[in-house]
Amino acid sequence: MGGDARNMKVGFVQFEPVFGDIGRNIEKAEQLLGGTEAELVVLPELFNTGYVFTSREEAVALSESIPGGKTTAALSRIAREKGIHIVAGLAERAGDNIYNSAVLVSPAGHQGTYRKTHLFNEETIWFTSGDRGFQVYDIGNCRIGIMICFDWFFPESMRILALQGADIICHPANLVLPFCQDAMVTRCLENRVYAITANRTGVETRGGKSFRYTGRSQITAPGAQILYRGGTETDEVGVAELDLAVVRDKKINAFNDLFADRRKDYYGFICSR
């Protein structure tokens, strides 16, 4: 799985979506991708619609089926034309449920869908909690896991993905709290994985609610290094080269292995409460 370890270029797209203008937001993301040479690119959470819904009806109207919707089709076309993999957040309609989801597309088309597990704030009104758990996808050169925004707040999210063999955590986000970018350093260190956090920028004010997004999209390395951090307000594409061999060796030193040293017999309390 995942092929032989080698260096790989990955990146994020950071920008300010226009609420409700799916076509314009897809076009903006495609323009920013431009001549980017990354093999894997992550876009923000709900990149195609914006975030601040004012009713469930509005969320339903802006949601799409996956893979049958126009956003997945457009991303698949871009992935095919550029020969890349893309992870991007959008509202998914499935029967009577609306999910805050992320799609993985490749040059061959739709490869997988993750549904956000830990919903934040009023997302609990508009969306149904994810029902598929945390999954890892083999994209040839590496194995990727996907989580969305507030999932970072729960260390179990990245640990489960890492235990399943993820080399890189793809993390579409609409961050408003000031903690995540710094916390991802610890998340990557404690799991010995890379992470690509693709955040959005700008301020959304709708229906008497206002959210200011923090930008600062980030590519984080397993040794606690920040390989690339974006600006707070910039439209930006960030790219870094990753050494995949680093994440596949979980040894900390000659005597300690990150996963082998876990004392699982004492961890049951976490899930019993």
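Colleague: How do helix H5 and helix H6 pack, angle and axis distance?
Modeller: Helix H5 (residues 155–163) and helix H6 (residues 180–191) pack at about 35°, with axes 10 Å apart. Helices here are DSSP runs of H or I with at least four residues, strands are E runs of at least two, and both are numbered from the N terminus. The axes are lines fitted to C-alpha atoms over the stretch in contact, and the angle runs from 0 to 180 degrees between N-to-C directions.

Colleague: Which residues make the contact?
Modeller: H5 brings Pro 155, Met 158, Arg 159 and Ala 162, while H6 brings Met 184, Arg 187, Cys 188, Glu 190 and Asn 191. Contact means heavy atoms within 4.5 Å.

Colleague: What should I know about the model itself?
Modeller: This is a predicted model, where local features need pLDDT of at least 70, side-chain atom pairs count only at pLDDT 80 or more, and totals for chains, interfaces and linings use all residues. Residues are numbered from 1 along each chain as its sequence is written, and side-chain values use heavy atoms, with hydrogens and water left out.

Colleague: OK, new topic. How many salt bridges does the structure hold?
Modeller: There are 17 salt bridges, each a side-chain nitrogen of Lys or Arg within 4 Å of a carboxyl oxygen of Asp or Glu. One of them joins Arg 77 and Glu 30, at 3.0 Å from N to O.

Colleague: Where do Arg 77 and Glu 30 sit?
Modeller: Arg 77 is in helix H3 (residues 70–82) and Glu 30 in helix H1 (residues 22–33), 47 residues apart.

Colleague: And what about Asp 131, which partner does that have?
Modeller: Asp 131 forms a salt bridge with Arg 115, with the closest N and O atoms 3.1 Å apart. Asp 131 lies in the loop between helix H4 (123–126) and strand S6 (136–138) and Arg 115 in strand S5 (residues 109–115), so the bridge ties together parts 16 residues apart in sequence.

Colleague: Is Arg 115 buried or exposed?
Modeller: Arg 115 is buried, at 7% relative accessible area. Asp 131 is partly exposed at 48%. Buried means under 20%, exposed over 50% and partly exposed in between, using a 1.4 Å probe and protein chains only.
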